[in-house]
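Me: I am new to this structure, and I would like to understand the words used to describe it. Could you take me through them with care?

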Amino acid sequence: HEGMARWIEDFVLQGYGYQQLAADAQDAAIPNQPTAVAVGDPAFPIDDLVFRAGPFSDPQGVGTFGGMKWRVAEVAPQGSPPFDPASPKPFEVNADWESEEPATFQELVTIPPEAVKIGGTYRVRVLMKDNTSRWSHWSLPIEFTTSEPLVMFPPQAALRITEIMYH
(Lines give C-alpha, C1' and ligand atoms only; values in the text may rest on other atoms or scores of the structure.)
Protein backbone atom coordinates (compact mmCIF):
# COMPACT_ATOMS: atom_id res chain seq x y z
CA HIS A 1 0.00 0.00 0.00
CA GLU A 2 1.54 3.21 -1.18
CA GLY A 3 0.17 5.37 1.66
CA MET A 4 1.57 3.04 4.32
CA ALA A 5 4.98 2.94 2.67
CA ARG A 6 5.05 6.74 2.60
CA TRP A 7 4.05 6.90 6.30
CA ILE A 8 6.84 4.49 7.27
CA GLU A 9 9.36 6.43 5.20
CA ASP A 10 8.32 9.71 6.86
CA PHE A 11 8.43 8.12 10.32
CA VAL A 12 11.90 6.65 9.83
CA LEU A 13 13.50 9.56 7.98
CA GLN A 14 11.86 12.57 9.65
CA GLY A 15 9.48 11.51 12.40
CA TYR A 16 9.85 10.24 15.95
CA GLY A 17 11.87 7.18 14.90
CA TYR A 18 14.49 9.30 13.20
CA GLN A 19 14.50 11.92 15.95
CA GLN A 20 14.94 9.31 18.70
CA LEU A 21 17.72 7.55 16.81
CA ALA A 22 19.50 10.85 16.16
CA ALA A 23 19.23 11.81 19.85
CA ASP A 24 20.54 8.42 20.99
CA ALA A 25 23.45 8.64 18.57
CA GLN A 26 24.43 12.06 19.96
CA ASP A 27 24.25 11.02 23.65
CA ALA A 28 27.73 11.86 24.97
CA ALA A 29 27.02 10.07 28.27
CA ILE A 30 26.79 6.52 26.91
CA PRO A 31 29.62 4.18 27.92
CA ASN A 32 32.59 4.03 25.58
CA GLN A 33 32.66 1.27 22.99
CA PRO A 34 34.07 -1.86 24.66
CA THR A 35 36.81 -4.06 23.28
CA ALA A 36 36.99 -7.83 23.08
CA VAL A 37 39.75 -10.31 22.28
CA ALA A 38 39.84 -14.06 21.77
CA VAL A 39 41.85 -15.84 24.48
CA GLY A 40 41.01 -19.50 23.81
CA ASP A 41 42.71 -21.90 21.41
CA PRO A 42 43.56 -19.99 18.18
CA ALA A 43 41.97 -22.79 16.08
CA PHE A 44 38.61 -21.96 17.75
CA PRO A 45 37.54 -25.49 18.71
CA ILE A 46 33.88 -25.45 19.74
CA ASP A 47 34.73 -26.45 23.32
CA ASP A 48 37.27 -23.63 23.87
CA LEU A 49 35.59 -20.45 22.66
CA VAL A 50 36.82 -18.05 25.34
CA PHE A 51 36.78 -14.27 24.98
CA ARG A 52 37.91 -11.39 27.19
CA ALA A 53 36.26 -7.98 27.45
CA GLY A 54 38.40 -4.91 27.94
CA PRO A 55 37.78 -2.75 30.99
CA PHE A 56 34.52 -0.83 31.35
CA SER A 57 34.91 2.83 30.45
CA ASP A 58 32.27 5.49 30.99
CA PRO A 59 32.47 9.29 30.47
CA GLN A 60 30.51 9.68 33.73
CA GLY A 61 33.46 8.27 35.69
CA VAL A 62 34.47 5.12 37.51
CA GLY A 63 32.04 2.99 39.48
CA THR A 64 29.17 3.37 37.02
CA PHE A 65 29.10 -0.19 35.61
CA GLY A 66 25.55 -1.51 35.25
CA GLY A 67 25.73 -4.62 33.08
CA MET A 68 27.09 -6.28 29.97
CA LYS A 69 26.02 -8.72 27.28
CA TRP A 70 27.85 -11.00 24.89
CA ARG A 71 26.48 -12.39 21.65
CA VAL A 72 27.59 -14.80 18.95
CA ALA A 73 26.03 -14.95 15.50
CA GLU A 74 26.76 -16.98 12.41
CA VAL A 75 27.77 -15.04 9.30
CA ALA A 76 28.46 -16.00 5.72
CA PRO A 77 32.16 -16.74 5.21
CA GLN A 78 34.27 -14.44 3.06
CA GLY A 79 34.00 -15.36 -0.61
CA SER A 80 30.62 -17.08 -0.34
CA PRO A 81 28.24 -16.56 -3.26
CA PRO A 82 26.09 -13.45 -2.98
CA PHE A 83 22.84 -15.41 -3.31
CA ASP A 84 21.94 -19.07 -3.12
CA PRO A 85 18.17 -19.77 -3.16
CA ALA A 86 18.72 -23.24 -1.67
CA SER A 87 20.62 -21.92 1.33
CA PRO A 88 19.93 -18.40 2.62
CA LYS A 89 22.95 -16.54 3.97
CA PRO A 90 23.22 -16.21 7.73
CA PHE A 91 23.27 -12.61 8.93
CA GLU A 92 24.85 -11.33 12.13
CA VAL A 93 21.61 -9.66 13.17
CA ASN A 94 20.24 -13.12 14.14
CA ALA A 95 22.09 -14.16 17.30
CA ASP A 96 22.80 -17.86 17.84
CA TRP A 97 23.57 -17.21 21.50
CA GLU A 98 23.32 -14.28 23.90
CA SER A 99 24.64 -14.17 27.43
CA GLU A 100 22.65 -13.27 30.48
CA GLU A 101 23.20 -9.75 31.79
CA PRO A 102 25.41 -10.03 34.88
CA ALA A 103 25.19 -7.23 37.44
CA THR A 104 28.95 -7.31 38.03
CA PHE A 105 31.72 -7.00 35.46
CA GLN A 106 32.81 -10.41 34.18
CA GLU A 107 35.94 -10.16 32.09
CA LEU A 108 35.77 -13.65 30.53
CA VAL A 109 33.01 -15.49 28.72
CA THR A 110 32.95 -19.03 27.35
CA ILE A 111 30.53 -19.66 24.50
CA PRO A 112 28.72 -22.99 25.04
CA PRO A 113 29.68 -25.57 22.39
CA GLU A 114 26.04 -26.32 21.59
CA ALA A 115 25.56 -22.69 20.46
CA VAL A 116 27.77 -23.16 17.39
CA LYS A 117 28.45 -25.79 14.76
CA ILE A 118 31.78 -27.15 13.57
CA GLY A 119 33.01 -25.32 10.47
CA GLY A 120 30.65 -22.35 10.91
CA THR A 121 31.85 -18.76 10.63
CA TYR A 122 30.82 -16.57 13.55
CA ARG A 123 31.20 -13.12 15.03
CA VAL A 124 31.37 -12.37 18.75
CA ARG A 125 30.67 -8.95 20.25
CA VAL A 126 30.19 -7.42 23.69
CA LEU A 127 28.36 -4.30 24.85
CA MET A 128 28.21 -2.66 28.26
CA LYS A 129 25.67 -0.66 30.24
CA ASP A 130 26.16 2.02 32.88
CA ASN A 131 24.15 2.51 36.05
CA THR A 132 21.78 4.91 34.26
CA SER A 133 20.77 2.08 31.85
CA ARG A 134 22.60 3.61 28.90
CA TRP A 135 24.11 0.97 26.62
CA SER A 136 27.38 1.38 24.75
CA HIS A 137 27.74 0.57 21.09
CA TRP A 138 28.68 -3.04 20.32
CA SER A 139 32.40 -3.84 20.25
CA LEU A 140 34.09 -4.46 16.95
CA PRO A 141 33.50 -8.07 15.89
CA ILE A 142 35.84 -10.99 16.38
CA GLU A 143 35.25 -13.21 13.35
CA PHE A 144 36.34 -16.84 13.37
CA THR A 145 35.59 -20.27 11.94
CA THR A 146 35.01 -23.04 14.46
CA SER A 147 36.86 -26.35 14.43
CA GLU A 148 36.53 -29.83 15.97
CA PRO A 149 36.41 -29.97 19.78
CA LEU A 150 39.63 -30.53 21.73
CA VAL A 151 37.95 -33.30 23.74
CA MET A 152 35.16 -35.51 22.44
CA PHE A 153 31.87 -35.06 24.25
CA PRO A 154 30.86 -38.06 26.42
CA PRO A 155 28.26 -39.42 23.95
CA GLN A 156 30.82 -39.24 21.12
CA ALA A 157 33.46 -41.04 23.17
CA ALA A 158 31.11 -43.97 23.85
CA LEU A 159 29.74 -44.25 20.31
CA ARG A 160 30.73 -47.47 18.51
CA ILE A 161 29.56 -48.96 15.23
CA THR A 162 28.98 -52.57 16.19
CA GLU A 163 26.78 -53.90 13.42
CA ILE A 164 26.04 -53.12 9.78
CA MET A 165 22.75 -54.28 8.31
CA TYR A 166 22.91 -55.29 4.66
CA HIS A 167 19.94 -56.42 2.59
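Reply: What follows is a short exchange about the terms and the values behind them.

Reply: This is a predicted model, in which local features need pLDDT of at least 70, side-chain atom pairs count only at pLDDT 80 or more, and totals for chains, interfaces and linings use all residues. Residues are numbered from 1 along each chain as its sequence is written, and side-chain values use heavy atoms, with hydrogens and water left out.

Me: How do you know how many helices and strands the chain has?

Reply: Helices (H or I, at least four residues) and strands (E, at least two) are DSSP runs, numbered from the N terminus. By that rule the chain comes to three helices and seven strands, and along the sequence they follow the pattern α-α-β-β-β-β-β-β-β-α.

Me: What makes strand 3 and strand 6 a pair?

Reply: Two strands pair if DSSP finds at least two bridges between them. Strand 3 and strand 6 (residues 121–130) have nine bridges and run in the antiparallel sense, with Val72 standing opposite Val124 in strand 6. Strand 3 (residues 65–74) is also joined to strand 4 by two bridges, and there Arg71 has Glu98 as its bridge partner.

Me: Why are strand 4 and strand 7 said to stand at the edges?

Reply: The open sheet has four strands in the order 4-3-6-7, with antiparallel pairing. Strand 4 (97–98) and strand 7 (142–145) each have a single partner strand, so one side of each is left without a neighbour in the sheet.

Me: Why is strand 3 called mostly covered?

Reply: A residue is buried under 20% relative accessible area, exposed over 50%, and partly exposed in between, using a 1.4 Å probe and protein chains only. In strand 3, eight of its 10 residues are buried, while 29% of the 167 residues of the chain count as buried.

Me: What makes a group of residues a nonpolar core?

Reply: Such a core is a set of buried Ala, Val, Leu, Ile, Met, Phe, Trp, Tyr and Cys residues joined through side-chain atoms within 4.5 Å. The largest one here has 21 residues, and those with the most contacts inside it are Phe51, Trp70, Val72, Ile111 and Phe144. Strand 2 (50–53), strand 3, strand 6 and strand 7 are the elements that give two or more residues to this core.

Me: Which residues does Ile111 touch?

Reply: Contact means heavy atoms within 4.5 Å. Not counting residues up to four places away in sequence, Ile111 touches Ile46, Leu49, Phe51, Val72, Trp97 and Val116.
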